[in-house]
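Here are some notes for a colleague opening this entry for the first time. Please read them with the structure in view.

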Amino acid sequence: MTEVKQQIIDFIEKNKKIFTDLSDRIWENPELSLKEFKSAALYEKVLEENGFKVEKNFDDIETAFTGTFGSGRPVIGILGEYDALSGLSQERGALSHKPLETGAPGHGCGHNMLGTGALAAAFGIKHYLETSGHEGTVIFFGCPGEEGGAAKAFMARDGIWKDLDAALTWHPEDVNEIKTGTNNSTIQVLYDFHGVSAHAAGDPEHGRSALDAVELMNTGVQYLREHMTSDCRVHYAITDAGGVSPNVVQEHASVLYMVRAGIVRNCVELLKRVDKIAEGAALMTETSFDRTFIDGTADLVPNFTLETVLYENFKEVGLPAYTEEEISFAKALSATCPENPAPGFASKLDDKIREFAEEQSSHGKSGLNNFLVPLLHSTAFQAGSTDVGDVSWQTPTAQIHVAGFVNGAPGHSWQNVSCGGSSIGHKALIHAGKVLACAAVDLYEKPKILEEARVEFEKRTATGYVCPIEDGAKPIAI
């Protein structure tokens, strides 16, 4: 550990209450995607009070913002998120499902931690730039709508990330590891069908059922499934069935579709086929439809060079220390979760790492996975989607996972909300901030790393970025 990095760690530790208090306030006021007005205002206030130049309504997205400090290159972006999920209200530190308010949102993906941990990293980098006099810029990006809205992808359509030399971020998980590999791209589109209402018994010949169109579209997509590559997925939800009266021909009905593919260009092509099925359904039923683009995200482009930098700094910074009370709580909460004897993505790909993770986690019985999974570089595919993928198509990007959840905690669960509002969540976000900030120092001080990261990036993105966001589309809260 260099003296410079130790000073950053000490600075973040000294100021940790800024970040943990902000995390708690966002946890207590969970807001859905693209509706994070209170959260964004809190971030903007803290950034302004601490010497960052703040740009609100960034890229014409109401709850997006940036906080910038420094000048010149390198320009390092730190990505923060702060949206919650519907229906996941939950008491802090509880060992059973206890909603604070039935049906209300909650931070089931830990974005209260994600954003504030990223903010801690930005503060640590700012402190480094101030005290060292080193040339360089740090930009904290407040990115709304990761759970539905894909603000980063809209920003990618507008070329925002191309100006960065690198982007770093993190995510709470049930394990400490360097994220590697790739994942699904995804696109969401809403189809609103319009028909003609009529008495279903007395005047059916004059009716044109929008619900029939939705059902025929769904049937057509079922037959499409046989003719997609195995990495593709298509999901749907009927958002409007046209009413509750079966004796009235439904004049309106809506269905929301999500298509996924391993590569974003394939996702765009798959959506074109779904569009044709919608056209066919309208033709068969003599209805019409309005098509509303919602959002889309690209697959992740891994960067092994940056992954190595993050791993080396994670090893240097070490791991959090937990109290007996925190360990006991974690074991009890983990007991409510599915078994996870070998945590970590790398455990699924490498036998030696799997054995290591099994031993270190006591075969999933430890509650808290307070160990660092050995580094593994991979281009392997894993399910799920994130708009960080779009960032990674425009600049070298890398991420870490820090154990802010207990072992086996399901994604988007009440267990995550319970733990994310606890002292375990506090320690995770502070630790993430330290690791990211120290890694950024290497990027500022060792130009060769960024050069190597850029060369790797150019090779992996040589096919070109196909943005899933359509021209003219605006982020929509759904």
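The points below go from the whole chain to single residues.

1. This is a predicted model, in which local features need pLDDT of at least 70 and side-chain atom pairs count only at pLDDT 80 or more, while totals for chains, interfaces and linings use all residues. Residues are numbered from 1 along each chain as its sequence is written, and side-chain values use heavy atoms, with hydrogens and water left out.

2. The protein contains 14 helices and 13 strands. These elements are DSSP runs numbered from the N terminus: helices are H or I with at least four residues, strands are E with at least two.

3. The radius of gyration is 23 Å, which agrees with the value near 23 Å for a compact globule of 478 residues. That radius is taken over C-alpha atoms, and the globule rule is 2.2 Å times the number of residues to the power 0.38. Along the principal axes, the C-alpha trace spans about 85 × 50 × 45 Å.

4. Of the 478 residues, 58% are buried. Buried means under 20% relative accessible area, exposed means over 50%, and partly exposed lies in between, with a 1.4 Å probe and protein chains only. Contacts (heavy atoms within 4.5 Å) were also examined by sequence separation: among those between residues at least 6 apart, 82% join residues at least 24 apart.

5. The protein exposes about 19300 Å², and carbon and sulfur atoms supply 51% of this area. The method is Shrake-Rupley with a 1.4 Å probe; for residues, only the protein chains shown count as cover.

6. There are 41 positive and 67 negative charges, and their mean positions are 4 Å apart. Lys and Arg count as positive, Asp and Glu as negative, and His and the chain ends are not counted. Each charge is placed at NZ of Lys, CZ of Arg, CG of Asp or CD of Glu.

7. Helix H4 covers residues 111-132, and its 22 residues reach 31 Å from the first C-alpha to the last, close to the expected 32 Å. The expected span is 1.5 Å times one less than the number of residues. H4 is mostly covered, with 19 of its 22 residues buried. Gly-133 follows H4 with a positive phi near 75°.

8. Helix H8 (304-317) has 14 residues and reaches 20 Å, close to the 20 Å expected. Its buried residues include Leu-306, Val-309, Leu-310 and Phe-314. What do the buried residues of H8 pack against? Their partners are helices H1 (3-14), H13 (423-445) and H14 (447-460), together with strands E5 (166-173), E6 (177-178) and E13 (397-403). Just after H8, Gly-318 has a positive phi of about 90°.

9. The loop between helix H10 (351-360) and strand E12 (381-382) holds Leu-376. Leaving aside residues up to four places away in sequence, Leu-376 touches Thr-180, Glu-307, Ala-346, Leu-349, Asp-350 and Ile-353. His-363 is found in the loop between H10 and E12. His-363 has a positive phi of about 55° although it is not a glycine, and it counts as exposed because its relative accessibility is 51%.

10. Two further loop sites deserve a look. Asp-60, between strands E1 (53-56) and E2, is not a glycine but has a positive phi of about 60°. At 52% relative accessibility, Asp-60 counts as exposed. Pro-74 lies in the loop between E2 (65-71) and E3 (75-80), and the peptide bond from Arg-73 to Pro-74 is cis, with omega near 5°.
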